[in-house]
Each structure stands twice: as structure tokens, then as C-alpha cells.
Amino acid sequence: MNDRLKTIVDLEKYPIYDLNSPIIKNLIKKCKEELDQYSCSTIPNFILPKSLKVMNSELEKQLDEVYMSKESINAYLYAKDDPSLPKDHPKRTFMNRYNGYLNSDCFPKDSEMKYLYETEELLKFVSACLGVSPIYRWADPLACHAYNVMKPDGVLPWHFDSCEFTLSLMIQKPEKGGVFEYCPNIREPGNENFKEVQKVIAGDRTRVRQLKLEPGDLQIFKGRFTLHRVTKVEGQKSRYMCIPAYVLDPWRVNTPEHSKAIYGKVLPIHIERNQARSDGLTD
Ligand SMILES: [Fe+2]
């Protein structure tokens, strides 16, 4: 068994190093059913309280390096308008976003979160829960396992992720607000479903589900196919998350535009690997 992993994940409750153990087989079955139906599944108290404190302090030590951005953005994470589209097209609906990331390249070498992300145990467990194999760690050096910081009044409007699968680990919960909302499987490769996306953005709640997350919970989520948002953070306390991500394509990274807007910089890899997506979806 991996000695460091057992100080991070509650392996007694969730022995993810043994995918054939009855406990994990049952858990994988439950997660897979939830992911298929709701594109989202939560495993409570996955991270041990002591490790959570380590993650919290590794983020707080570097809060001054968090890239905060405040801008008006559409659900595809673009700020630029396209007047050739109808006025009510979701690409032309811009929403306020106030959010920050501690980029993955800022993490110390022995970082708790980075270590967890790089374990084969976690990768294989997530792959089994999704029922998708192989999946890969994201090649994007800024975004692959970034800490997300939402300060008071922080808000993350409706959007799709550029990576297929996202884990969300809650590190610190705000006093109020900062609630994750999502619309399962609203788009799929080859079908953007703009009409339904626009309805949600305009305020229709029919498809909207809410997720209650507590510190230490692990959420597995199909962020590329599921419109989602985080409501405004209220009170004095920031909301801290870590968002490690997995992808189907081990080569792809964020587009230069996304990287600049969300992570504050563009690296040579973003320019070298800037090619159209093969799934036909906008990002
Ligand atoms: Fe997202």
C-alpha cells in the first residue's frame, strides 16, 4: 500500500488501491450509476481531516500568487461578442465572473494535492467510476490540478469546462452561498443544444440540480457536457476548492485565450497545441 496516500485519503473507508475489494466495487457501481444519470457523483469524507488542513495551509501560504479575474464571460468562457449570431444566442450572453486560481505550476514539489493527483490509485479509481478507460491527467501545466479561490462576492457563472472530467475537492466552505448548480448532460459531442443552454442561462430552473458539498468530500463530475455554475459567495469567508482534472486526450491543453483569461498567462505549450477540438464542441 502507498504510505503517503493513506495519510491523505481515508483508505480504511475507501480502499481505492484495491479496485476488486467488495467495498470499492460497490462504490464504483454507485458512482457510475450517478455519473451516467446525473453526470455527477459525490464521495463524502474522502480526504482525511489532517490532510485537508495541509491542503488549506499550502493554499493560504500562496494566496498572493492566486490569479483573480473579474470579467464578463459567456458559457463557453469567451469574452468576445459575435454579432453574426442571433441576439439571444448563448454565445452572446455574457455573465459576471469573479474567481481566482492558484495555478498548478505554483505548487511546491512536495505538495499534498499534487501528490494525490499524480497517484495511479486515484487515476484508476476515477476511471472505473466513470466507466471510461483510458483517461489521462491533463497536460495543461497551469490548469491540471489548480486550487480555486472564490472570495466574498466571488461568482462563477454558467459554463462548460474544457476538460472532460473534473474532480472537485472542497477545502473550505463559505459561510453562505457558493453553491454548485448543474444541468446534467445538457450537451454531447456533436450536439451543442444551444436552445436548452439558453433557457437555463435565462433563468429556467427545470433542469437545474444543486449539490451540497462539505470539506473533505470528493465530487466526480463530467464538466465538459454539463452546464454548471457556482452561486455568489456570501459572508466573510472565502470558498476554497481544488479542481484536479482528467481528459480523454493526453496532448491537448487550454486554448491561449482561455489560459490568458482564466489563469492569467499563456505558455508556449498553449500556442504549440492550439488546434480545433475533435468532439466538435465549443470551448
Ligand atoms: Fe467548471
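Student: Why is Asp-161 called buried?

Tutor: In this predicted model, Asp-161 has a relative accessibility of 13%, and buried means under 20% relative accessible area, with exposed over 50% and partly exposed in between (1.4 Å probe, protein chains only), so Asp-161 counts as buried. Local features need pLDDT of at least 70, side-chain atom pairs count only at pLDDT 80 or more, and totals for chains, interfaces and linings use all residues. Residues are numbered from 1 along each chain as its sequence is written, and side-chain values use heavy atoms, with hydrogens and water left out.

Student: What makes His-228 buried?

Tutor: The relative accessible area of His-228 is 4%, and because buried means under 20%, His-228 is buried.

Student: How do you know which residues coordinate the iron ion?

Tutor: Donors are N, O and S atoms within 2.8 Å of the metal (3.2 Å for Na, K and Ca), and water is not among the atoms, so sites may look incomplete. His-159 (NE2), Asp-161 (OD) and His-228 (NE2) coordinate the iron ion at 2.0 to 2.2 Å.

Student: What is the spacing of the donor residues in sequence?

Tutor: The donor residues of the iron ion follow the pattern H-x1-D-x66-H.
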